[in-house]
Amino acid sequence: QPDFAPSLSRLGTESAFEVLARAARMQAEGHDVINLGIGQPDFRTPDHIVEAGRKALADGAHGYTPANGLPALREAVAADLEARHGLGGDTAVHPDSVVVQPGGKPTMFFACLMFGRPGVEILYPNPGFPIYESVINYTGATPVPIALKEENGFAFDADTVLGQITDRTRLIIINSPANPTGGVTPKAEIDKLVAGLQDHPHVALMSDEIYSQMLYGGRAHVSLLSYPEIRDRLILLDGWSKTYAMTGWRLGFAIWPDSMVDHVTRLCINDHSCVNAATQHAGIAALKGPQDAARDMVAQFDRRRTRIVELLNAVPGMRCADPGGAFYAFPNIEGTGLSARQAQDLFLSDAHVATVAGTSFGAHGEGYLRFSYANSMENIKRAIERIGTLLADRS
Ligand code: PLP
């Protein structure tokens, strides 16, 4: 047995990938599996973006780029953020604060590596994206869950978060719109959180805004970038994966404060040198080109969202709150008498519908199941019908 570092055994994983593998095996055995487990858009990357990537390869974008990203891409990111969030003046985004990374995930890892160590506490959402807890544990820091509650629409409650800060806290991770709940935190809570953080200057904030362009029902995104008073300790994570259906291209970015940007660039140099050059050119085309394809995806998600919530609420034993963003529904399934894991396993084995147990996103996810509505309207309808029939047959 190799003598591994103990930190290795503390690293978690993303169960959605395991569900995906099981669903794929069942499909290979000839079963008609409907996949509502997966956390990625079911659309192709818009053609003009693919074309820009292809052209970059043909034109010879074959070498390393600067570790923090092509200057033209970082300029496009800064301009896009300012336009989308109405920033400027003391909230302006400088291209030098942009660090381009292979996806949104490296930002989480690097932020946690920068602050995490034994004795330090890092606050993170629970239920929340499982990689936060995994990488906090990896660093040896203590993960402190921020419990997100159904009765709150799975939004962050500023008083709760502020009340969990101790003199050992070094980083707080928030995420809105949120995975796995679709929860959106109202501006009033963000205002209160930022104001309260003024009393805790030793605490940095990572705001994961990867779903910032997927909001429904007239909701507007409130970016943490619009608060100048937190800028010197804000890490803002966003990217292309969800907005432009580019999960497989591996492209993301974060805005880092001046005090952290050199450190993270060094982490990039040590880890991956730079993001694939052609992918970065595709990223420029995504930001600067027409936005109608991205907007159309959101419109389609919105229609599916309305439908899946309606269908889930009609299943006996299920209750589904209105998800304000992202592309997930997170119904309470306690009334079915099944635990989250039992429901996930039963629905996959007997109804051939892949979902992800709420507990895959942390202990506070017990009693809930994540349904991704990144699938066709027809499949969403068939899937929930199958689950309804299965539950009716059991009762
Ligand atoms: N943040 C959240 C909340 C996510 O749900 C995901 C992906 O599922 C990511 C970040 C990571 O995105 P990427 O594929 O760009 O690494």
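How many residues does helix H8 have, and how far does it reach from its first C-alpha to its last? I looked this up in a predicted model, and I found that H8, which runs over residues 258-271, has 14 residues and reaches 21 Å between those two atoms, close to the 20 Å expected at 1.5 Å a residue.

**Entry on the sides of H8**

I next asked which residues of H8 are buried, and I noted Met260, Val264, Leu267 and Cys268. They cover an arc of only 100 degrees around the axis, which means that they sit on the same side of H8. On the face turned away from this buried side I found the exposed residues Asp258, Asp262, Arg266 and Asn270.

I then looked for what the buried residues of H8 pack against, and I wrote down strand S2 (98-101), helix H4 (105-115) and strand S7 (234-239).

**Entry on H11 and H12**

Two packed helices are described by the angle between their axes and the distance between the axes, so I looked up both values. The axes of helix H11 (residues 340-351) and helix H12 (residues 377-394) come within 10 Å and cross at roughly 100 degrees. Because angles of 65 to 115 degrees count as roughly perpendicular, I recorded H11 and H12 as roughly perpendicular to each other.

Which residues meet where H11 and H12 pack? I listed Phe347, Asp350 and Ala351 in H11, which meet Arg386, Ile387 and Leu390 in H12. Sorting this contact by class, I noted 4 nonpolar, no polar and 2 charged residues.

Note on methods
Residues numbered from 1 in each chain as written. Predicted model: local features only at pLDDT ≥ 70, side-chain atom pairs only at ≥ 80, totals over all residues. Helix = DSSP H or I, 4+ residues; strand = E, 2+ residues; numbered from the N terminus. Expected span 1.5 Å × (residues − 1). Buried ≥ 20, exposed ≤ 12 C-beta atoms within 10 Å, placed from the backbone. Arc of directions from axis to C-beta. Contact = placed C-beta atoms within 7 Å. Axes fitted to C-alpha atoms, helices over the stretch in contact; angles between N-to-C directions. Parallel < 35°, antiparallel > 145°, perpendicular 65-115°, else oblique. Nonpolar A, V, L, I, M, F, W, Y, C, P; charged D, E, K, R; others polar.
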